[in-house]
Amino acid sequence: MTSFSDMRLSEFLGAVGAKTPAPGGGAVASAVGALAAALAQMVVNYSIGKKNLLEQQSELQAAIVKLENARTHLLDLAQQDAAAYAVLNELQKLPSEDPRRTREMAAAVERAVEVPSAVLLLSIELLKDFERLAPITNKFLRSDLGIAAVLAEATARSAAWNVRINASDLPPARKSDVLAKCDALVHEAKQRCSHVEQATAV
């Protein structure tokens, strides 16, 4: 599969829309998170060098680096999600008594939960960054930072769907723990997004 970072947007959309199991919702969630990070980068870039934000310049420069890393990581996670689900989907098509399915299924399920869980955690980190950036960035780009927050929350909620569906095949105790953490993070994402929206309201 071609790296998503090397695809044109139209190619990525075509791959998502094709009748193939991956890329699917997990890759889309990660890609939306990458868009959120990129949009916030734009806001910060328009804030660097502003005379009324001179005291915040070091924090803004650090934010640019962090957002760039998040954007890159999220695109990588999109690739990882597509790969993880492709393996899981292949195993699920095998007969239940197939030796390969028996041998590899548990690890495949864990991986299919691990990747969207990482996306969910990273979306929370983005929202924390946006909360910190709201009062120290260019006021004329408040709507863009608000949109970035909405996208980051959407990333969290979307990733949670994949965590939940794939966690259904985990052992009961592990499943309960994963779902409880997932629900708590989604709730946190909603709260943090609301804080950013309030701080950036026009």
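Predicted model: local features only at pLDDT ≥ 70, side-chain atom pairs only at ≥ 80, totals over all residues.
**Exercise 1. Describe the overall architecture of the chain.**

Solution. Begin with the secondary structure: the chain has six helices and zero strands, strands being DSSP runs of E with at least two residues. In sequence order the pattern is α-α-α-α-α-α. Then take the extent: along the principal axes, the C-alpha atoms fill a box of roughly 70 × 35 × 25 Å.

**Exercise 2. Characterise the largest pocket by its volume and its lining.**

Solution. A pocket is an open set of points on a 1 Å grid over the protein atoms alone, where a 1.4 Å probe fits, with protein on both sides within 12 Å along at least five of seven lines; lining residues have an atom within 4 Å of a point. Volume is the space filled by probe spheres set on the points, which are joined across faces, edges and corners.

1. The largest pocket holds about 370 Å³ of space.
2. Its lining comprises 16 residues, with Leu9, Phe12, Ala31, Leu35 and Leu75 lying nearest the centre.
3. Helices H1 (9–17), H2 (25–45) and H3 (57–92) each supply at least two lining residues; H2 gives the largest share, six residues.
4. By class, the lining has 13 nonpolar, one polar and two charged residues. Here Ala, Val, Leu, Ile, Met, Phe, Trp, Tyr, Cys and Pro count as nonpolar, Asp, Glu, Lys and Arg as charged, and the others, Gly among them, as polar.

**Exercise 3. Determine how H6 is oriented against H4 and against H5.**

Solution. Axes are lines fitted to C-alpha atoms over the stretch in contact, and angles run from 0 to 180 degrees between N-to-C directions. Contact means heavy atoms within 4.5 Å.

1. H4 (residues 99–133) and H6 (residues 172–200) pack at about 25°, with axes 9 Å apart. The two helices are therefore roughly parallel (under 35 degrees).
2. The contact of H4 with H6 has 13 nonpolar, one polar and six charged residues.
3. H5 (residues 142–167) packs against H6 at about 170°, with axes 9 Å apart. H5 and H6 are therefore roughly antiparallel (over 145 degrees).
4. The contact of H5 with H6 divides into 14 nonpolar, two polar and eight charged residues.
5. On the H6 side, Val178, Cys182, Val186, Ala189, Cys193 and Val196 are among the residues that meet H4, and these residues are also among those that meet H5.

**Exercise 4. Assign the relative direction of H3 and H4 and the handedness of their crossing.**

Solution. The axes of H3 and H4 are 9 Å apart, at an angle of about 160°. This makes H3 roughly antiparallel to H4. Their crossing is left-handed, meaning that the near helix is turned anticlockwise from the far one by less than a right angle. The contact contains 22 nonpolar, three polar and 11 charged residues.

Methods. Residues numbered from 1 in each chain as written. Heavy atoms only, no water. Helix = DSSP H or I, 4+ residues; strand = E, 2+ residues; numbered from the N terminus. Parallel < 35°, antiparallel > 145°, perpendicular 65-115°, else oblique.
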